[in-house]
Amino acid sequence: MKRKKHSISPTRVTQRCNKAKGKVVDEEESHQLCPYFANIPSHITAQILLQLPIKSLIICRCVCKMWKTLISEPHFAKLHFEKTPVSLMIRTNDHRRVSRTLYLLECEPEKFEIGSDNHVKLQPIFKLPLRDAKSLLHCNRFVLDKNGESSNSGRQGLYSKPDLDKFNIVNSCNGLLCLSDLSTGNPLVVCNPVTGEFIRLPKATITRFRLNTTQVRKKLQTALGFLSKTNEYKVIKMLIRYGFRSNDCESVIVEINTLGTSLWRNVEVDSQLSIPRLKYPTCVNGALHWIGFEGQQMSILCFCLESERFQSFPSPPHVFGNHNNSTYGNTNITMGELKGFLYICDSTCFSDVTMWVMNEYGNGDSWTKLYNIDTLVSSLGRPNLSHCGLCLPVKHFEEGAAVLLYHSCNCFIYYEPDKYGFKVFQIHGSRSDFFEIIPHIPSLISLKDVIKGDNIEVQNIHSRCAKFKLREENETLSLSQPNDEDLERIRRSSSFDFEIINISSDGDMSSSSSDGDISSSSSDGDISSSSSDGVFFYGLII
Amino acid sequence: MAEEKSQASSSKMLTLKASDGVLFEVELNIAKEMKTVQAYIDDCEDIETIPIPNVLGKHLAIVIEYIKKTNEEYDAEFEKQWNMDDLQLLLLAANYLNISGLQECLCKAIAKRIENKSPEYVRKVFNIENDHSPEEEAKLRKEYKWAFEGVDKD
């Protein structure tokens with residue numbers, strides 16, 4: 001980094017000024033001193049840069065070479081990552097689309113104060129890699145010129161094939177995303193959407209997986225985890241075989257891959273181990289956790305990444321206990337992580353959403369109920385539970401605690417009880433009504449610094465498929481605040497109306513009785529289109 | 001500038017001398033917040049006047065007031081009063097005097113002022129010359145096109 005030509009060191013300036021003028025340096029002269037700021041120690045520059053959000057950091061890489069090096073340093077990326085709050089990646093949820101675009105939604109309440117006439121563009125925007133760029137290009141060869149750019153006729157974008165090009169996002173762990181095959185669940189790629197880097201996971205080495213599929217039902221469960229002790233990422237793959245006639249798990253093969261290595265290693269499991277239907281993979285404290293659903297029974301499955309073994313884990317007794325024996329089949333429990341704490345959210349009864357946190361990792365007694373949310377949410381009516389009604393933690397309780405609720409197709413509620421109360425906002429601009437929300441902490445940590453070994457090539461979407469535009473990518477998403485009319489429409493499209501609570505713009509609530517009017521759900525206004533439950537993870541954590 | 005009167009009758013007073021010769025009389029516990037000064041005191045116990053050669057009187061006064069008053073509300077209002085030049089000099093002062101709280105506050109303030117601004121603006125603020133080649137810069141801008149959209153006007 002070069003100083004501009006006429007900059008001078010401070011002591012010389014002071015002396016010169018004092019000698020020349022013989023008086024105390026005043027406002028004007030201190031302006032002359034600022035040129036020497038170019039000489040600030042790099043650790044101070046780093047301190048300033050650490051305070052910037054990702055978008056600004058990326059702009060700052062352009063400032064000069066020294067800054068680019070500073071920002072690209074693994075240590076800097078790690079420090080910055082530790083300070084970054086949880087954000088949400090939003091992806092359109094539509095089976096007709098490849099949906100490789102991720103929109104970052106930063107959960108800052110000031111951002112949600114938009115006004116109903118304003119639309120704030122949703123940024124930043126990241127792209128996932130394409131599964132098979134070669135074949136995509138081949139299919140589109142008539143709309144690309146010899147440079148691979150879209151010719152005039154292809155200006156609208158390339159045709160894509162969702163069933164072949166689309167990835168399922170399994171989970172986000174420590175700044176990376178794990179992507180899998182949509183139909184089989186086979187984990188394929190791990191990527192950092194911010195830097196654009198990705199690596200392809202090694203192909204399955206075991207032929208046992210190719211079973212006689214007509215006889216046996218099998219399912220693949222996968223998740224990405226991080227072990228901070230050794231700074232390793234690991235991907236776990238469970239092949240669960242179901243009995244011919246029963247719905248119970250008959251046997252399971254577990255394999256694990258340390259990111260950067262080229263083999264899947266077999267994991268020893270207890271032959272008696274039975275794996276239920278798993279959801280919400282969450283990595284906390286060097287272990288992966290899932291909520292297991294076995295009929296009406298719920299439990300937490302835990303896999304320790306260090307010992308590479310399954311172990312038992314205490315579940316919140318009150319939450320699971322209440323549902324375990326109920327005949328009311330519609331439970332809606334999600335699990336997530338925030339700042340190293342495990343959270344469970346029970347939004348079965350949407351008028352009374354509760355959130356639990358495990359204060360002391362591993363200690364079953366430390367499951368503590370954080371709060372109930374029962375006001376604004378019920379005023380918007382009961383959301384369609386197959387797609388919505390989920391809760392996400394976005395701010396740790398020590399920092400004031402905040403929650404994000406995904407209520408109906410594109411309606412979100414941000415709730416920070418201490419400072420802001422409720423803020424409702426919507427996402428516009430997409431022809432697809434539904435969104436998939438993935439809690440994610442954007443990170444500049446390069447994959448090259450975390451993978452072990454040189455066997456695996458780190459690729460980058462910027463060198464390949466970022467420049468191609470798919471047809472579906474001609475839209476931009478934006479945020480807006482719903483006005484009263486919109487709120488009314490949301491209420492009407494919900495299944496039931498509870499006691500209507502009026503919300504004025506500053507979150508004040510006055511209640512008016514609903515005089516027994518329970519409007520039935522109008523099926524044409526009903527927002528539950530075909531749901532592909534179980535394929536997508538709606539993370540909502542509180 | 002003004003001399004501070006000691007509040008507690010029994011607390012020891014210390015004199016700090018800024019680079020432009022201005023003197024400040026401060027209580028020992030205030031001075032100790034500046035770790036550089038603390039180190040000085042540890043080295044020579046009976047010292048009465050400590051020279052602060054890198055900091056102007058104007059800025060030393062601001063630093064001392066910060067130490068006395070600091071709390072969350074004060075911090076929030078504090079950074080709004082100063083222009084960029086003062087902020088930068090205060091940051092260097094805080095770094096030299098080793099006052100971590102003030103340093104953090106100022107870093108946040110400066111970061112806020114360069115947030116979402118163009119590289120040209122940031123270069124002007126920090127007085128940095130662009131040593132990227134045009135091709136390099138073009139490549140960086142192209143790779144993360146979205147980051148350069150919606151940037152605040154300078």
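Guide: In this predicted model, A:E308 counts as buried because its relative accessibility is 13%, which is under the 20% that sets the limit for that word. A:K234 is buried too, with a relative accessible area of 5%. The side chains of these two residues, A:E308 and A:K234, meet in a salt bridge, with 2.8 Å from N to O. The pair ties together distant parts of the chain, since A:E308 lies in the loop between strand 15 (297–304) and strand 16 (309–311) of chain A, while A:K234 belongs to strand 10 (residues 232–242) of chain A, 74 residues apart.

Let us turn to chain B. There, B:K69 forms a salt bridge with B:E65, and the closest N and O atoms are 3.2 Å apart. Because B:K69 and B:E65 stand 4 residues apart in helix 3 (residues 57–69) of chain B, about one helical turn separates them. B:K69 counts as partly exposed at 42% relative accessibility, and B:E65 is likewise partly exposed, with a relative accessible area of 38%.

Another pair in chain B is made by B:R123 and B:E137, whose side chains meet in a salt bridge at 3.5 Å, N to O. This pair again links distant parts of the chain, with B:R123 in helix 7 of chain B and B:E137 in helix 8 of chain B, 14 residues apart. Both B:R123 and B:E137 are buried, and they belong to a network of salt bridges that links B:E120, B:R123, B:E137 and B:R141.

Over all chains, the count comes to 15 salt bridges, and 1 salt bridge is found across the interface of chain B and chain A.

The contact as a whole takes 43 residues from chain B and 44 residues from chain A. In chain B, the residues that lose the most area to chain A are B:N127, B:Y144 and B:W146, together 17% of what that side buries.

Key. Residues are numbered from 1 along each chain as its sequence is written. Chains are lettered from A and ligands numbered from 1 in the order in which they are written. This is a predicted model: local features need pLDDT of at least 70, side-chain atom pairs count only at pLDDT 80 or more; totals for chains, interfaces and linings use all residues. Side-chain values use heavy atoms; hydrogens and water are left out. Contact means heavy atoms within 4.5 Å. Buried area is the accessible area (1.4 Å probe) that two parts lose on being put together, summed over both. A salt bridge is a side-chain nitrogen of Lys or Arg within 4 Å of a carboxyl oxygen of Asp or Glu. Helices (H or I, at least four residues) and strands (E, at least two) are DSSP runs, numbered from the N terminus. Buried means under 20% relative accessible area, exposed over 50%, partly exposed in between (1.4 Å probe, protein chains only).
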